[in-house]
Amino acid sequence: MDIDKVTLKALGADTRQEILKSLMRRRKMPSELSKVLGLSPSTIVEHLKQLELAELVQRKETGHKWIYYEITSKGANIIEP
């Protein structure tokens with residue numbers, strides 16, 4: 001697998017790596033990730049945007065007000081090759 005600049009940048013922050021590890025267990029809402037990592041929801045959302053740009057996570061809308069994020073196969077292969 002080739003890793004491009006966007007992916008390297010996304011993986012450059014420890015917080016984003018922790019988000020990916022947390023999403024390996026199950027999909028989560030930003031508020032859940034906020035509680036687990038002890039960061040503000042707005043900070044989590046900014047990190048998720050970077051991970052989504054790198055195609056490491058994807059946003060899942062449920063048809064309700066909740067939005068979940070889950071790890072993609074690309075993200076999973078990086079965390080557990």
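Lys 28 is located in the loop that joins helix H2 (14-25) to helix H3 (30-37); helices (H or I, at least four residues) and strands (E, at least two) are DSSP runs, numbered from the N terminus. The structure is a predicted model, in which local features need pLDDT of at least 70 and side-chain atom pairs count only at pLDDT 80 or more, while totals for chains, interfaces and linings use all residues. Residues are numbered from 1 along each chain as its sequence is written, and side-chain values use heavy atoms, with hydrogens and water left out.

Lys 28 is buried but has no salt bridge, and the nearest side chain of opposite charge, that of Glu 32, is 6.6 Å away. Here, buried means under 20% relative accessible area, exposed over 50%, and partly exposed in between (1.4 Å probe, protein chains only). A salt bridge requires a side-chain nitrogen of Lys or Arg within 4 Å of a carboxyl oxygen of Asp or Glu. For charge, Lys and Arg count as positive and Asp and Glu as negative, whereas His and the chain ends are not counted. A polar atom of the Lys 28 side chain lies 2.7 Å from the backbone oxygen of Ser 22. With residues up to four places away in sequence not counted, Lys 28 touches Ser 22, Leu 23, Leu 33, Ile 67, Tyr 68 and Tyr 69, contact being defined by heavy atoms within 4.5 Å.

Tyr 68 also has Arg 27 over the face of its ring, at 4.3 Å from the ring centre. Such an arrangement is assigned if NZ of Lys or CZ of Arg is within 6 Å of the ring centre and within 35 degrees of the ring normal.

Leu 11 belongs to helix H1 (residues 5-11). Because its relative accessibility is 16%, Leu 11 counts as buried. Apart from neighbours within four places in sequence, Leu 11 is in contact with Gln 17, Leu 20, Leu 56 and Ile 78. The C-alpha atoms of Leu 11 and Tyr 69 are separated by 17 Å, the two residues being 58 residues apart along the chain.

The count of salt bridges comes to five. One of them joins the side chains of Lys 21 and Glu 18, with an N to O distance of 3.7 Å. Both residues lie in helix H2, three residues apart, which is about one turn of the helix. Lys 21 is partly exposed, with a relative accessible area of 40%, and Glu 18 is likewise partly exposed, at 37%.

A salt bridge is also formed between Lys 60 and Glu 70, whose closest N and O atoms are 3.9 Å apart. This pair links distant parts of the chain, with Lys 60 in strand E1 (residues 57-61) and Glu 70 in strand E2 (residues 67-71), 10 residues apart. Lys 60 is partly exposed at 31% relative accessibility, and Glu 70 is partly exposed with a relative accessible area of 23%. Arg 59 forms a salt bridge with Glu 61, at 3.4 Å between the closest N and O atoms. Arg 59 counts as partly exposed, at 38% relative accessibility, whereas Glu 61 is exposed, with a relative accessible area of 59%.

Glu 55 lies in the loop between helix H4 (41-53) and E1. The phi angle of Glu 55 is near 60°, a positive value in a residue other than glycine. Most residues other than glycine have a negative phi. With a relative accessible area of 54%, Glu 55 is exposed.

Notes. Polar contact = N/O pair within 3.5 Å; in protein donor to acceptor, adjacent residues only side chain to side chain.
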